[in-house]
Amino acid sequence: MRMRMITASLAMLGSVAASLVVGQAAHADTTICEKYGSTTIQGGKYVVMNNVWGSSAPQCINVTNTGFTVTQAGHNNTGGTPAAYPAIYAGCHYANCSSGSGLPLQASNSQFNTVQTSVSMSYPGSGVYDAAYDIWFDPTPRKDGQNTGAEIMVWLNHTGSVQPVGSRVGTANIAGGTWDVWEGNIGWNVISYVRTSPTNSISFAVRSFYDDAVNRGYAQRSWYLTSVQAGFEPWIGGTGLAVNNFSYSIGGVVQSPSPTPTASPTQGNGGGACRVSYSKNEWQGGFTGNVTVTNTSSSAVNGWNVGFSFPNGQKITGYWSADITQSGSSVTAKNLSYNGSIPAGGNVSFGFQGTWSGSNGNPTGFTLNGTPCSS
């Protein structure tokens, strides 16, 4: 839910939502038609909510043990706001919390790097809607009320002429896809990632999108992740929208013992113009990596190109804060429009997500604009 009710209805939402919670976990299918009705599944691990906040038309959802389907929706919103956000989530939403999520969690906490999620969705052949994650951050460990930090939306699909809040500010390659990045502020920052090629499923580390938002200046490491939600914003219709499966996990990523600087000086010169550190978070078959390049020269670098190689056949599937290409084991990362300058003594960071098998050794042979870097 975008929680856009910035008037008296905002306060009403919290009290109504609390009063209409279906208190028992869903075992057999459960039908919810109350505007703000909700239930829990999988022993309370996830909450599923109907959440009709922007329409007077009826909407019903059928809740299974793995997700939900919108079975009735007569919405006809032709204005700027969607009718509802039926969704499944882990964490806390207006004091309605799932169990065992570990949320709220500060983004500076190492456990934040281990938060993973996936979803599989189905779309009807008609209607106007978006299918999106809604991932909320607040400056405090908030469990109730409106979050005021950052709202990260990840749009897997959309129909009609609907578009995110704000304006388009760039592109990003994350979680195996290319995304148009939008940003706006409606009392909090809304950063939306709209997939240029629609998909009905995705799996990603939450930090992969949040890192990009932080690097763009729209979010802060000190803020707290409060919930990870996946669902739909229908404008017109909505019947047939479905979350088939949803997962959220925390702590499943094996942390590296420590950030491991890796460099390969050549011809004994040590590459005094730059210094590189590399850190990774690794799980079976997958990993995320973060590269920080420090300019150790006495003058600024305007426009950068960082090269390195993977030793064990790793493949990059997504990336952020750089334009990354890979040919065999060789990787090249180039600056984006907003981070092309590295002042003397300054640094720049970028990251990527990838796959591995057998072993996942650290990359080697870092260069900055052709000059070897030291560790």
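Hi everyone, thanks for coming. Please keep in mind throughout that we are looking at a predicted model.

How many disulfides does a search of the whole structure find? The search finds three. If you number the bonded cysteines in sequence order, they pair as 1-2, 3-4, 5-6.

Take C33 and C60 to start with. Their sulfur atoms sit 2.0 Å apart, forming a disulfide. Is this one right-handed or left-handed? The torsion about the S-S bond is about 115°, so the disulfide of C33 and C60 is right-handed. As for location, C33 is in the loop between β2 (30-32) and β3, while C60 belongs to strand β5 (residues 59-63), so the pair ties together parts that are 27 residues apart in sequence.

Next come C92 and C97, joined by a disulfide with an S to S distance of 2.0 Å. This link is right-handed, with 115° about the S-S bond. Here C92 counts as buried at 7% relative accessibility, and C97 is partly exposed at 32%.

That leaves C274 and C373, another disulfide, with sulfur atoms 2.0 Å apart. The torsion about this S-S bond is about -100°, so the disulfide is left-handed. Where in the chain are its two ends? C274 is in strand β20 (residues 274-283) and C373 is in the segment after β30, so this pair links distant parts of the chain, 99 residues apart. Both C274 and C373 are buried.

Is H93 buried or exposed? H93 counts as buried, with 6% relative accessibility. Its side chain has a polar contact of 3.4 Å with the side chain of Q229.

The largest nonpolar core has 53 residues. Which of them touch the most other members? They are Y133, F137, I152, Y193 and F246. Setting aside neighbours within four places in sequence, I152 is in contact with Y133, D134, I135, F137, I191, Y193, F209, Y210 and A213. There is also a second, separate core of 25 residues, and its members include V293, V301, A333 and F352.

On to the backbone, with a quick reminder. Most residues other than glycine have a negative phi, and most peptide bonds are trans.

P104 itself is in the loop between β8 (96-97) and β9 (105-106).

Another is Q42, which is not a glycine and yet has a positive phi, near 50°. You will find Q42 in the loop between β3 (38-41) and β4 (46-49). Q42 is partly exposed, with a relative accessible area of 34%.

Then there is A175, again not a glycine, with a positive phi of about 55°. A175 lies in the loop between β13 (167-174) and β14 (177-185). Is A175 buried or exposed? Its relative accessible area is 15%, and the cut-off for buried is under 20%, so A175 is buried.

Last stop, a sheet. Five strands make up an open sheet, in the order β25-β26-β23-β29-β30, and the pairing is antiparallel. Which strands are at the edges? Those are β25 (323-327) and β30 (371-372), each pairing on one side only. Zooming in on one end, β29 (residues 364-368) pairs with β30 in the antiparallel sense over two bridges. For T367, the bridge partner in β30 is P372.

And that brings us back to the cysteines, as C373 is in the segment after β30.

Terms used. Residues are numbered from 1 along each chain as its sequence is written. This is a predicted model: local features need pLDDT of at least 70, side-chain atom pairs count only at pLDDT 80 or more; totals for chains, interfaces and linings use all residues. Side-chain values use heavy atoms; hydrogens and water are left out. A nonpolar core is a set of buried Ala, Val, Leu, Ile, Met, Phe, Trp, Tyr and Cys residues joined through side-chain atoms within 4.5 Å. Buried means under 20% relative accessible area, exposed over 50%, partly exposed in between (1.4 Å probe, protein chains only). Contact means heavy atoms within 4.5 Å. Helices (H or I, at least four residues) and strands (E, at least two) are DSSP runs, numbered from the N terminus. Two strands pair if DSSP finds at least two bridges between them. A polar contact is a pair of N or O atoms within 3.5 Å; within protein, one must be able to donate a hydrogen and the other to accept it, and residues adjacent in sequence count only if both atoms are side-chain atoms. A disulfide is a pair of cysteine sulfur atoms within 2.5 Å.
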